[in-house]
Amino acid sequence: MESPSLPTAKDWTTTSLHRVLCMQGGEGDVSYVNNSDSQALAITLCKPILISSLQSIKLLLDDHPSPIIRIADLGCATGSNTFSNVDIVVETLSRGYTAVYGGGLPEFEAFFCDLPSNDFNMLFRLLTEKQKVESSKYFACGIAGSFYDRLFPRGTIHVAVSLSALHWLSQIPEKVLEKRSKTWNKGKTWIEGAEKEVVDAFAEQSDKDLDDFLKCRKEEMIKGGVLFVLMGGRPSGSSSQFGDQGSRAKHPFTTTMEQAWQDLIDEGLIEEDTRDGFNIPAYMRSPEEVAAGFDRIGGFKIETMEYQKIVEHSDEKKEEWKKDPVSYGRARTNMVQSAVRPMVDAYLGPDLCDELFKRYENRVATTQEFLHITCFFGVVVVSATRI
């Protein structure tokens with residue numbers, strides 16, 4: 001196969017990442033709609049924290065409650081997960097209003113927010129189908145923009161939630177793509193196992209992004225409002241992006257991803273510099289890094305913060321896949337494509353993107369030991385009140 005004109009690392013830096021950083025749209029085999037079970041499980045496990053936060057919301061103490069409650073889902077992607085988030089908020093606040101005020105529920109307005117590259121057509125088609133079988137509980141609209149920027153007028157949002165999104169950075173640190181520097185991420189496509197200088201560059205970008213996120217929410221949210229965030233994270237004291245060796249080896253962004261890129265190099269389909277210039281723009285913050293961000297920006301009181309581990313899949317599913325490793329390879333590849341295929345496609349082009357994930361799938365299907373390792377996805381959950 002003849003390689004197309006491939007982008008250089010510098011091209012990737014200057015390319016607007018927001019145009020390609022999105023979950024895979026549509027409803028095909030590799031779509032986010034069909035590959036977001038882990039995110040759904042994380043939301044389910046953290047639901048009690050969200051409900052508890054909403055039950056103590058200061059809105060329920062007002063003598064003159066607001067007739068309209070505005071909810072923002074920041075980084076909504078597509079599929080049922082985002083609807084579940086908003087449903088939880090609406091139902092919990094409705095019960096609270098009934099208990100405190102005895103009726104006269106407010107109207108709810110939900111803003112589904114994500115980058116312009118998100119598949120909003122699919123999102124609202126699914127919402128329309130949902131509303132055909134359920135009575136509509138809120139007015140809905142879409143907001144196309146980065147949650148690292150202002151999205152709403154000052155003091156207008158009562159509840160802001162961001163689930164499984166804030167570990168995605170606004171950009172790849174430019175210094176990481178400076179060839180012949182200590183921060184050039186040679187031999188890697190992510191930061192796990194990278195040189196300290198590379199990890200530090202991502203950490204700096206992570207701090208800046210978290211600060212920008214909190215500054216914007218500080219302006220947009222009313223005092224007494226609730227900010228609830230669930231993001232990919234790592235445990236306290238861990239220099240790795242993971243809390244255990246098994247997860248480090250089996251995570252979709254580590255071993256298999258590196259092997260698949262190396263296969264393309266070994267087969268002469270791409271140059272090493274092409275691989276080295278591609279970086280997955282994700283960073284798993286520790287609870288301490290999250291708390292430090294809130295301290296720097298102010299305006300919020302952290303009510304709850306926890307680190308939790310989400311198991312990759314059930315024991316029943318693991319036993320099923322042990323009997324059919326080909327299906328396991330396909331399922332795992334579909335999952336990783338749902339998260340990063342748009343970026344890889346934009347970087348390599350569609351043909352080489354297909355070749356990369358063919359090799360990824362083959363690597364997974366033929367690595368039997370993966371079926372005997374349990375991978376955990378770490379998350380940091382934080383609930384804060386705007387003060």
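How much space lies in the largest cavity? The largest cavity holds about 70 Å³ of space, and the structure, which is a predicted model, has one cavity of 30 Å³ or more.

**The cavity**

- The lining of the largest cavity is made up of Asp87, Leu127, Lys130, Gln131, Glu134, Ser135, Ser136, Lys137 and Tyr138.
- Helix α4 gives the largest share of this lining, with three residues.

**Helices α3 and α4**

- Helix α3, which covers residues 80-101, packs with helix α4, residues 120-133, at an angle of about 55°, and their axes are 10 Å apart.
- The two helices α3 and α4 are therefore oblique to each other, and the crossing in which α3 passes α4 is right-handed.
- On the α3 side the residues in contact are Thr82, Phe83 and Asp87, and on the α4 side they are Leu123, Leu126, Leu127 and Lys130.
- The residues of this contact between α3 and α4 divide into four nonpolar, two charged and one polar.
- Asp87, Leu127 and Lys130 take part in the contact of α3 with α4, and they are also among the residues that line the largest cavity.

**Helices α5 and α9**

- Helix α5 (residues 196-220) and helix α9 (residues 287-297) pack with their axes 9 Å apart and at an angle of about 50°, which makes α5 oblique to α9.
- The crossing that α5 and α9 form is right-handed.
- From α5, the residues Asp207, Leu210, Asp211, Leu214, Lys215 and Lys218 meet Glu289, Val290, Gly293, Phe294, Arg296 and Ile297 from α9.
- In the contact of α5 with α9, the residues divide into six charged, five nonpolar and one polar.

**Helices α11 and α12**

- Helix α11, residues 325-348, and helix α12, residues 350-365, pack at an angle of about 150°, with 8 Å between their axes.
- Because angles over 145 degrees count as roughly antiparallel, α11 is described as roughly antiparallel to α12.
- Helix α11 passes α12 in a right-handed crossing, and the residues of their contact divide into 15 nonpolar, six charged and three polar.

**Positive phi in a loop**

- Ser164 has a phi near 60°, which is a positive value in a residue other than glycine, and Ser164 lies in the loop between β4 (157-163) and α5.
- Arg180, which is not a glycine either, has a positive phi of about 70°, and Arg180 lies in the loop between β4 and α5.

Note on methods: Residues numbered from 1 in each chain as written. Predicted model: local features only at pLDDT ≥ 70, side-chain atom pairs only at ≥ 80, totals over all residues. Heavy atoms only, no water. Axes fitted to C-alpha atoms, helices over the stretch in contact; angles between N-to-C directions. Helix = DSSP H or I, 4+ residues; strand = E, 2+ residues; numbered from the N terminus. Parallel < 35°, antiparallel > 145°, perpendicular 65-115°, else oblique. Left-handed = near helix turned anticlockwise from the far one by under 90°. Contact = heavy atoms within 4.5 Å. Nonpolar A, V, L, I, M, F, W, Y, C, P; charged D, E, K, R; others polar. 1 Å grid on protein atoms, 1.4 Å probe; cavity = no way out; pocket = protein on both sides within 12 Å on 5 of 7 lines; lining within 4 Å. Points joined across faces, edges and corners; volume = space filled by probe spheres on them.
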